[in-house]
Amino acid sequence: MFGVFCERFDMTVGEVAEKRRPEIHGLVQELSRIGRMTIGVEIPTDHLVGRLVAYSEPIPAFRARVGAFEWRHGWFVERARALGAATPVHEDLLKSIGKL
């Protein structure tokens, strides 16, 4: 998840966690809705964001990239399309880095 932000904003994981929290929250909210609609998993957005940021803390200088698109971001793209669910934040981010 950090990869798309690192690429889009030319930032490290630590910079994204510190300076792009509203954008992280928006993307997590959007993608968690797809997860909930697909497999019935419901986790509060604030909890997910907190866990993702905590996961990133040991690697603040790392510049993540979007990799394994098909089974990471691609899964969400395919599921959203199949459900007819809009994911404008996700799609805009992916378009901005040339992945859609």
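Biologist: Which residues in H3 are buried?
Modeller: This is a predicted model. Buried means under 20% relative accessible area. In H3, the buried residues are Ile24, Leu27, Val28, Glu30, Leu31, Ser32, Ile34 and Gly35.

Biologist: What covers the buried residues of H3?
Modeller: H3 runs over residues 21-39. Several helices contribute to covering its buried residues. They include H1, H2 (13-19), H4 (45-56), H5 and H6.

Biologist: What does H3 reach from its first C-alpha to its last?
Modeller: H3 has 19 residues. At 1.5 Å a residue, 27 Å is expected. The span in the model is close to that, at 26 Å.

Biologist: At roughly what angle do the axes of H3 and H6 cross?
Modeller: The two axes come within 8 Å. Angles here run from 0 to 180 degrees between N-to-C directions. For H3 and H6 the crossing is at roughly 115°.

Biologist: Which residues in H6 does H3 meet?
Modeller: H3 brings Gly26, Leu27, Glu30 and Leu31 to the contact. By class, the contact has 5 nonpolar, 2 polar and 1 charged residues. On the H6 side stand Pro88, Val89, His90 and Leu93.

Biologist: With which residues is Ala86 in contact, leaving aside its neighbours within four places in sequence?
Modeller: Ala86 is found in the loop between H5 (73-83) and H6 (88-96). Its relative accessible area is 53%, so it is exposed. Its C-alpha is 9.4 Å from that of Ile34, 52 residues apart along the chain. Its contacts beyond those neighbours are Glu30 and Arg33.

Biologist: Is Thr45 buried or exposed?
Modeller: Thr45 is found in helix H4. Leaving aside neighbours within four places in sequence, it is in contact with His25, Val28, Gln29 and Ser32. Its relative accessible area is 15%, so Thr45 is buried.

Biologist: Which residue with a positive phi follows H3?
Modeller: The phi of this residue is near 75°. The residue that follows H3 is Gly40.

Biologist: Where does Asp10 lie?
Modeller: Asp10 is not a glycine, yet its phi is positive, about 50°. At 58% relative accessible area it is exposed. It lies in the loop between H1 and H2.

Biologist: What is the phi of Ala68 near?
Modeller: Ala68 lies in the loop between H4 and H5. It counts as partly exposed, at 29% relative accessibility. Its phi is positive in a residue other than glycine, near 45°.

Biologist: How many aromatic pairs does the structure hold?
Modeller: Phe5 and Phe9 form a stacked pair, 6.3 Å centre to centre with 10° between the planes. Both lie in H1 (residues 2-9), 4 residues apart, about one turn of the helix. Trp75 and Phe76 also pair, with centres 4.9 Å apart. The count of aromatic pairs is 2.

Biologist: Which residue lies over the face of Phe9?
Modeller: The distance to the ring centre is 3.7 Å. The residue over the face of Phe9 is Arg20.

Biologist: What kind of pair do Trp75 and Phe76 form?
Modeller: Trp75 is partly exposed at 30% relative accessibility, and Phe76 is partly exposed at 23%. Their planes stand at 90°. Planes over 60 degrees apart count as edge-to-face. So the pair is edge-to-face.

Terms used
Residues numbered from 1 in each chain as written. Predicted model: local features only at pLDDT ≥ 70, side-chain atom pairs only at ≥ 80, totals over all residues. Heavy atoms only, no water. Phe/Tyr/Trp six-rings, centres within 6.5 Å; stacked < 30°, edge-to-face > 60°. Helix = DSSP H or I, 4+ residues; strand = E, 2+ residues; numbered from the N terminus. Buried < 20%, exposed > 50% of the residue type's maximum accessible area, 1.4 Å probe, protein only. Lys NZ or Arg CZ within 6 Å of the ring centre and 35° of its normal. Contact = heavy atoms within 4.5 Å. Nonpolar A, V, L, I, M, F, W, Y, C, P; charged D, E, K, R; others polar. Expected span 1.5 Å × (residues − 1).
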